[in-house]
Amino acid sequence: MTYFNKQPEKPLPYLAIPLFLMEAPHKEMSCEAKLLYGLLLRRVNLSRKSGWLDDCGRVFQHYTIAEVCKSLCCCKQKALDTLRELEQADLLERRNQGLGKPAKLLLKQPTLSCQTGTERSIYEDILDRDIVS
């Protein structure tokens, strides 16, 4: 281990956890669910580049229960509970394919309804507040 110093280092790989997960109504979600959302979010661009789109043009990905267990260092039941927590928060949709195939996971991002009736990403709202602050 070394300390950070004045010399720029090679950037460390990191995982982005969106700020909206720290605010209501997602504030009460478990840390595992927030971490899993970040892990799934990281894979969205890769899935998009690979052309993994459903019939409606939504990006999907495959992330097996075993992969969730390995990523979160947890047992199967905890992995299932964490996926279910994301579904209940309406941040994830799982589509079972049957025949032993992994489910298709469709990650969602929250939107805000503006007074004009249009929707905008909650990311835009958080960025606007950070800029104004």
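1. A word on terms to start: two strands pair if DSSP finds at least two bridges between them. Helices (H or I, at least four residues) and strands (E, at least two) are DSSP runs, numbered from the N terminus. With that in hand, the open sheet here has three strands in the order 1-3-2, and the pairing is antiparallel. Strand 1 (61-62) and strand 2 (92-95) are the edge strands, each pairing on one side only.

2. Some housekeeping before going on. This is a predicted model, in which local features need pLDDT of at least 70 and side-chain atom pairs count only at pLDDT 80 or more, while totals for chains, interfaces and linings use all residues. Residues are numbered from 1 along each chain as its sequence is written, and side-chain values use heavy atoms, with hydrogens and water left out.

3. Now the overall layout. The protein chain has four helices and five strands, and along the sequence they follow the pattern α-β-α-α-β-β-β-β-α. Of its 133 residues, 29% are buried (under 20% relative accessible area; exposed is over 50% and partly exposed in between, with a 1.4 Å probe and protein chains only). The chain exposes about 9700 Å², with carbon and sulfur atoms supplying 56% of that area; accessible areas come from the Shrake-Rupley method with a 1.4 Å probe. Among contacts (heavy atoms within 4.5 Å) with a separation of 6 or more, 43% come from residues 24 or more positions apart.

4. Back to the sheet for a moment. Strand 1 and strand 3 (residues 104-107) pair in the antiparallel sense over two bridges. If you want a residue to look for, H62 has K104 in strand 3 as its bridge partner.

5. Helix 2 (residues 65-72) and helix 3 (residues 76-88) have axes 9 Å apart and pack at an angle of about 100 degrees, so helix 2 is roughly perpendicular to helix 3. Axes are lines fitted to C-alpha atoms, for helices over the stretch in contact, and angles run from 0 to 180 degrees between N-to-C directions; roughly perpendicular covers 65 to 115 degrees. I65, V68, C69 and L72 of helix 2 meet K76, A79, L80, T82 and L83 of helix 3. By class, these residues are seven nonpolar, one polar and one charged (Ala, Val, Leu, Ile, Met, Phe, Trp, Tyr, Cys and Pro count as nonpolar, Asp, Glu, Lys and Arg as charged, and the others, Gly among them, as polar).

6. L80 touches I65 and R94, leaving aside residues up to four places away in sequence. L80 and V68 are twelve residues apart in sequence, with their C-alpha atoms 8.6 Å apart.

7. Helix 1 (residues 31-49) also meets helix 3: the axes come within 9 Å and cross at roughly 80 degrees, which makes helix 1 roughly perpendicular to helix 3. From helix 1, E32, A33, L36, Y37 and L40 take part, facing K78, T82, L83, E85 and L86 of helix 3. This contact has six nonpolar, one polar and three charged residues.

8. Finally, some backbone details to check. A cis peptide bond joins A24 and P25, with omega about 5 degrees, and P25 lies in the segment before helix 1. D90, in the loop between helix 3 and strand 2, has a positive phi of about 60 degrees although it is not a glycine. D90 is partly exposed, at 47% relative accessible area. L99, in the loop between strand 2 and strand 3, also has a positive phi, near 50 degrees, and counts as exposed at 84% relative accessibility.

How values were computed: Angles under 35 degrees count as roughly parallel, over 145 as roughly antiparallel, 65 to 115 as roughly perpendicular and the rest as oblique.
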